[in-house]
Amino acid sequence: PLTERSVLDLLQTLPNVNGDLVSETPGIGTGQISPGAGISVGGGRPGSGGFLADGADNTAVGIGRTVVSFTPDTVQEFTVQTSAFSAEYGKTGGGIINITTKGGTNQYHGSIYFFQRNPSLNAAPYSIATTNRPYSNRRQTQIGATFGGPVRIPKLYNGKNKTFFFVSFEPQRITDTTSITDLVPTDAMKQGNFANVVPVANGYTTADVAQRFGIPTVGDATIYQRSEERRVGKEGRARR
């Protein structure tokens, strides 16, 4: 079983392989998706590995990540060379990861599969809190199918032992939410009353809120009335 249905997860089952694979599935607030970029093979630096797909270069320019990803149901063979690979493999300071895709055969074969994560079945994420534990809202649905065999056109062409095809289709739909705690102005603040305000790490809040949630204050929040006087030009007037 592969958590993200990525064959790159198989790398973590091998010796002499370390690092973070970087998920191919984007999350909430996720920046750049770089599957395979964080892996270190054979002591090489993360992002220095080489990825091949059916022998063709599948490594992104500028960062060692895969360009095209493959669902496990389309992969026939997954090979990893951690060291001592021949000179035919260039442009890499790490390992060589080669993915060989499936092809059609003389017999028709196919598969249909369904994968789902549902909030009603998800376990709550780990938390040391005994109350108000976070709730998992992730909903993920993947439906896929594969089919392959010889190319046959009735009365025109029989591709047995000659021409084959293999196709795969796997749409994916993910919905998720996250909880964010932030500071917002109180009604008194909106009216210009900052008498009960204290500074905290990420802004200002009221003293009672800081005390209730155990938020440490970081200094004095006293607001002072400041005035400035200056003279403008030879015959200017003082402004206050």
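Tutor: A residue is called buried under 20% relative accessible area, exposed over 50%, and partly exposed in between. Keep in mind that this model is predicted. Asp 176, at 32% relative accessibility, is therefore partly exposed.

Student: Which residue does Asp 176 meet in a salt bridge?
Tutor: A salt bridge here needs a side-chain nitrogen of Lys or Arg within 4 Å of a carboxyl oxygen of Asp or Glu. Asp 176 pairs with Arg 138, with 3.8 Å from N to O. Asp 176 sits in the loop between E12 and helix H1 (187–190), and Arg 138 in the loop between E7 and strand E8 (139–150), so the bridge ties together parts 38 residues apart in sequence. Arg 138 is buried, at 12% relative accessibility.

Student: How many salt bridges are there by this rule?
Tutor: Three. One of them joins Asp 73 and Arg 5 at 2.4 Å, N to O. That pair links distant parts of the chain, 68 residues apart. Arg 5 also meets Glu 170, at 2.9 Å; this pair ties together parts 165 residues apart in sequence.

Student: Which residues are linked in a network of salt bridges?
Tutor: Arg 5, Asp 73 and Glu 170. Arg 5 is buried, at 18%, while Glu 170 is partly exposed, at 23%.

Student: And which residues make the nonpolar surface patch?
Tutor: Tyr 108, Phe 147 and Val 167 make that patch, of about 280 Å². Tyr 108 lies in the loop between strands E6 (96–101) and E7 (109–117), and counts as partly exposed at 39% relative accessibility.

Key. Residues numbered from 1 in each chain as written. Predicted model: local features only at pLDDT ≥ 70, side-chain atom pairs only at ≥ 80, totals over all residues. Heavy atoms only, no water. Patch = residues over 30% accessible without salt bridge, like charges linked within 9 Å, V, L, I, M, F, W, Y side chains within 5 Å. Areas by Shrake-Rupley, 256 points an atom, 1.4 Å probe, with all protein chains shown as cover. Helix = DSSP H or I, 4+ residues; strand = E, 2+ residues; numbered from the N terminus. Buried < 20%, exposed > 50% of the residue type's maximum accessible area, 1.4 Å probe, protein only.
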